[in-house]
Amino acid sequence: MIPMDSVLEGKTIELSIMEDKLRQLGYSYGGGWEYDHGYFDYKIDDEDGYLYLRVPIKAVKKELDADGAIVQIGQPFMLHHMYQAGVDPEGNIGNITASFNQFQEPTDKDAEVDEKWLKFGERYVKQLDAALMPYV
C-alpha cells in the first residue's frame with residue numbers, strides 16, 4: 001500500500017455527488033463497504049494481479065445507504081493484489097461451496113507497486129482532486 005497526497009483528504013462531500021463524479025472517471029465500488037465506511041477503486045492495471053487507486057470514505061452524517069449521506073474522504077492509496085496463476089491448490093471445493101466462493105484469495109494482498117505506476121497514481125489523484133474539489 002502506498003499512500004498518495006491529495007487535497008481532498010479530510011474534506012466532506014455528499015456521497016451521491018462523489019459517486020456520480022467518480023463513476024464518470026471510471027471508479028467503481030471497492031470491497032469492504034459497510035454502513036459507516038467504504039472505498040472507491042480505480043483499476044490501473046490487471047497484468048500481474050490488480051493494481052488500484054483506492055479512495056477511502058467514512059460516513060459523518062447518515063449511513064452510506066441513506067439519501068443525503070455526507071462522507072469524509074480519507075487519504076487515497078495505491079494497492080496491489082497479487083493472485084496465483086492456475087488452479088487453487090486446495091481444490092477440495094464442491095459445487096454448492098463453489099457457487100458462494102468463486103474467487104481465490106490473493107497470494108499477496110499488499111504487493112509492491114512498480115515505480116512505473118507511481119506516476120500514473122499521482123496523475124489519477126490530481127484528476128480526482130480536480131473533479132471533486134468544487135463540491136467539498
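A charge sits over a ring if NZ of Lys or CZ of Arg is within 6 Å of the ring centre and within 35 degrees of the ring normal. In this predicted model, the charged end of Arg54 is placed that way over the ring of Tyr39, 4.7 Å from its centre. The points below cover charges over rings, ring pairs and the nonpolar core.

**Charges over rings**
- Arg54 sits over Tyr39.
- Arg123 lies over the face of Tyr124, and the distance to the ring centre is 5.5 Å.

**Aromatic pairs**
- There are eight aromatic pairs in the structure.
- One of them joins Tyr27 and Tyr42, whose ring centres are 5.3 Å apart; their planes meet at 55°, so the pair is tilted.
- Tyr27 is in the loop between helix 1 and strand 3 (28-29), while Tyr42 is in strand 4, so this pair ties together parts 15 residues apart in sequence.
- Tyr27 is buried, at 6% relative accessibility, and Tyr42 is buried at 17%.
- Tyr29 and Trp33 have ring centres 5.0 Å apart and planes at 85°, so they form an edge-to-face pair.
- Tyr29 is partly exposed at 47% relative accessibility, and Trp33 is partly exposed at 27%.
- Tyr27, Tyr42, Phe120 and Tyr124 are linked into a cluster by ring pairs.

**Nonpolar core**
- The largest nonpolar core has 25 residues, and those touching the most other members include Tyr27, Phe40 and Leu132.
- Among the elements that each supply at least two core residues are helix 1 (15-25), strand 4 (37-45) and helix 3 (115-132).
- Helix 3 gives the largest share, six residues.
- Beyond its neighbours within four places in sequence, Leu132 contacts Leu8, Ile13, Met18, Lys21, Leu22 and Ile73.

Methods
Residues are numbered from 1 along each chain as its sequence is written. This is a predicted model: local features need pLDDT of at least 70, side-chain atom pairs count only at pLDDT 80 or more; totals for chains, interfaces and linings use all residues. Side-chain values use heavy atoms; hydrogens and water are left out. A nonpolar core is a set of buried Ala, Val, Leu, Ile, Met, Phe, Trp, Tyr and Cys residues joined through side-chain atoms within 4.5 Å. Buried means under 20% relative accessible area, exposed over 50%, partly exposed in between (1.4 Å probe, protein chains only). Helices (H or I, at least four residues) and strands (E, at least two) are DSSP runs, numbered from the N terminus. Contact means heavy atoms within 4.5 Å. Rings of Phe, Tyr and Trp (its six-membered ring) pair if their centres lie within 6.5 Å; planes under 30 degrees apart count as stacked, over 60 as edge-to-face and the rest as tilted.
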